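Here is a brief report on one protein and its ligand. Please look over the sequence and the structure first.

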Amino acid sequence: MKLKVLISLVAFLAVTGAFAHSGASGVVLERMEMMKDISDQMKIIVTMVKGDEAYDAGRAQAAAQAIAGHARTLTEKFPEGSIGHPSEAIPAIWENWDDFVEQTEQLHATAIALADQAASADSADSLRDEVAAVGQTCSSCHQDFRKAN
Ligand code: HEC
């Protein structure tokens, strides 16, 4: 059981309620909005896993599919050198582009696995490992490619 990952994920999603979008424009704003949606979709699933809401397989599956969809277009939202206030992206993204792309693929693969599991699961409890796997790709990419807060 990857309970620790799940707990830190819940904490992460909770603190990302307030976004520093002000001053953002163009592709930086677009990707912030995309990350916000990824985060909102995760919240839908995590709320069910925590037992705060009844399990709805169709809703969980749709949320995971939406995350997978974003993962497919994520790299397009990071044209080289698109940094500067208020972006939290760091130059390491373009210095390690292959690794960055690989992490978007991880996000895609884990989100698809979560969607598949949601389709066949009859309780949110059986999504824990898959949710944790998605959560791990969020933290891993943020750790490598996003300014530490
Ligand atoms: C491939 C790398 C990568 C993955 C995977 C990733 N992120 Fe991000 N995320 C970033 C980067 C880089 C930023 C900073 C973008 C910026 O500020 O320009 C960011 C920013 C964010 C933000 C802040 C947006 C804002 O308005 O400032 C949230 C929330 C977020 N990510 C949530 C998530 C969640 C939840 C997941 C997993 C389901 C995830 N991210 C997966 C790279 C990633």
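## Model and numbering

This is a predicted model: local features need pLDDT of at least 70, side-chain atom pairs count only at pLDDT 80 or more, and totals for chains, interfaces and linings use all residues. Residues are numbered from 1 along each chain as its sequence is written.

## Overall fold

The protein has six helices and zero strands. Helices (H or I, at least four residues) and strands (E, at least two) are DSSP runs, numbered from the N terminus. The C-alpha trace spans about 45 × 30 × 25 Å along its principal axes.

Of the 149 residues, 27% count as buried. Buried means that 20 or more other C-beta atoms, placed from the backbone, lie within 10 Å of the residue's own.

## Ligand shell

The shell around the ligand holds 28 residues; Met32, Met35, Ser87, Cys138 and Cys141 come nearest.

α2 (26–49), α5 (97–120) and α6 (128–145) each supply at least two shell residues. α2 gives the most, with eight.

## Helix α6

The 18 residues of α6 should span 26 Å at 1.5 Å a residue, and its end C-alpha atoms are 26 Å apart, which agrees. The expected span is 1.5 Å times one less than the number of residues.

Several α6 residues are buried, among them Glu130, Val134, Cys138 and Phe145. Cys138 is also one of the residues that come nearest the ligand.

Definitions and conventions. Near = placed C-beta within 6 Å. Buried ≥ 20, exposed ≤ 12 C-beta atoms within 10 Å, placed from the backbone.
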